[in-house]
Amino acid sequence: MIEWFTWLQVAVAVVAGLLCVTLGFLGKKPSDLTLGSLALVEVLLVVQLVIAIVAPFTGNTAVGSVLEFYTYLVSAILLPVAAAFWALVDRSKWSTVILGVVGLAIAVMVYRMQQIWTTLPL
Amino acid sequence: MTSHRERLEETAPSTASPATAAPRRSISGIGRVLVVVYGILALGATGRSFVQIAERFDEAPLAYSLSALAAVVYIVATLALVRSGSGWYRIAWATISFELLGVLTIGTLSILEPQLFPEATVWSYFGAGYLFIPLVLPPLGMWWLARHRPTRDLTGTTA
């Protein structure tokens, strides 16, 4: 993992999460803005996947469990797709809240991935 | 990825009737958020349990089996919240009660007898590793179930 990219990713996911939760509770239905913010989170996750595949070849290897890292990463990549699908099927304000909840969950998962990559398992 | 999303958006019924108008959904409003949080927790618990069992089951078979059981219960609870009918309603009560019992028991044990749980599970330290969501979610789920009984007289005493 590249540390600055990871923190950027966490920041984007938190902002997107808070944005969607706030707009959702204000009664907004899923919009280009809220779906787009989660699409950005998804794009960054795919970039993270590419980085994770390439990094070991440049000497940047994971300290912790690689299997655990990829379990988090694959789960995280699936979440925005599921949430966006939900938002397109059910166009209510709660879908916007759900987009936000997923964004915040991804922020936590990426943070955890950073921990797994950089620290020895307990 | 982006093009796929755009395609989804184009085919979506953007002018469809408001979803809140659908009358026979078993779960609606903020309950859907509850379902999603349950789903994420189920995913997290399943993922962790999969890694523990695949990598080092021999180290702590009891704790890891418990992890897997917890993961299955979260999946069943998520399904039970989505499904309608009094059967699923009872299953929802049973699984959510089991979760509450689990997080309270394992949470207490992990503090009093930490050597029993050398590695973290979903329920260790009352779910602190999962932002205490495992502790908060069962009461929220029970509150939801109590307010949304399928029939007024049949159930509700199973808790």
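Let's start with A:Ile106 and what touches it. Setting aside neighbours within four places in sequence, A:Ile106 is in contact with A:Ala13, A:Val41, A:Ala76 and A:Leu79. Contact here means C-beta atoms, placed from the backbone, within 7 Å.

A word on the source. This is a predicted model, where local features need pLDDT of at least 70, side-chain atom pairs count only at pLDDT 80 or more, and totals for chains, interfaces and linings use all residues. Residues are numbered from 1 along each chain as its sequence is written, while chains are lettered from A and ligands numbered from 1 in the order in which they are written.

How confident is the predictor in chain A? Mean pLDDT, the predictor's per-residue confidence from 0 to 100, is 93 for chain A. In chain A, 98% of residues reach 70 or more. By element, helix α2 (residues 32-54) of chain A has the highest mean, 96. Helix α3 (residues 66-89) of chain A has the lowest, 92. Helices are DSSP runs of H or I, at least four residues; strands are runs of E, at least two; both are numbered from the N terminus.

Back to A:Ile106. Together with A:Ile98, A:Ile106 has the most contacts inside the largest nonpolar core, which has 62 residues. Such a core is a set of buried Ala, Val, Leu, Ile, Met, Phe, Trp, Tyr and Cys residues joined through C-beta atoms within 7 Å. Buried means 20 or more other C-beta atoms within 10 Å of the residue's own; exposed means 12 or fewer; partly exposed is in between. Which elements give two or more residues to this core? From chain A, α1 (3-25), α2, α3 and α4 (93-118); from chain B, α2 (30-56), α3, α4 and α5. The largest share, 15 residues, comes from α4(A).

Next, α3(A). The helix has 24 residues and reaches 35 Å from first C-alpha to last, close to the 34 Å expected at 1.5 Å a residue. That expected span is 1.5 Å times one less than the number of residues. Buried residues of α3(A) include A:Phe69, A:Tyr72, A:Ala76, A:Leu79 and A:Trp86. A:Ala76 and A:Leu79 are also contacts of A:Ile106.

A:Thr22 lies in helix α1 of chain A. A:Thr22 is partly exposed, because 14 other C-beta atoms lie within 10 Å. Its C-alpha is 8.7 Å from that of A:Thr96, 74 residues apart along the chain. A:Gly36 sits in helix α2 of chain A. A:Gly36 is partly exposed too, with 13 other C-beta atoms within 10 Å.

Now chain B. Five helices, zero strands. Of its 159 residues, 31% are buried. Among contacts between residues at least 6 apart in sequence, 60% join residues at least 24 apart.

Look at α4(B), residues 86-112. Its 27 residues should span 39 Å at 1.5 Å a residue, and the end C-alpha atoms are 39 Å apart, so the two agree. Buried residues of α4(B) include B:Tyr89, B:Trp93, B:Ile96, B:Val103 and B:Ile106. What covers the buried residues of α4(B) includes α3 (61-82) and α5 (133-147) of chain B.

Last, the packing of α3(B) on α4(B). The angle is about 145 degrees, with axes 8 Å apart. Axes are lines fitted to C-alpha atoms, for helices over the stretch in contact; angles run from 0 to 180 degrees between N-to-C directions. Which residues meet? Among them are B:Val73, B:Ala77 and B:Leu81 in α3(B), and B:Ala92, B:Thr95 and B:Phe98 in α4(B).

How values were computed: Two residues are in contact if their C-beta atoms, placed from the backbone, lie within 7 Å.
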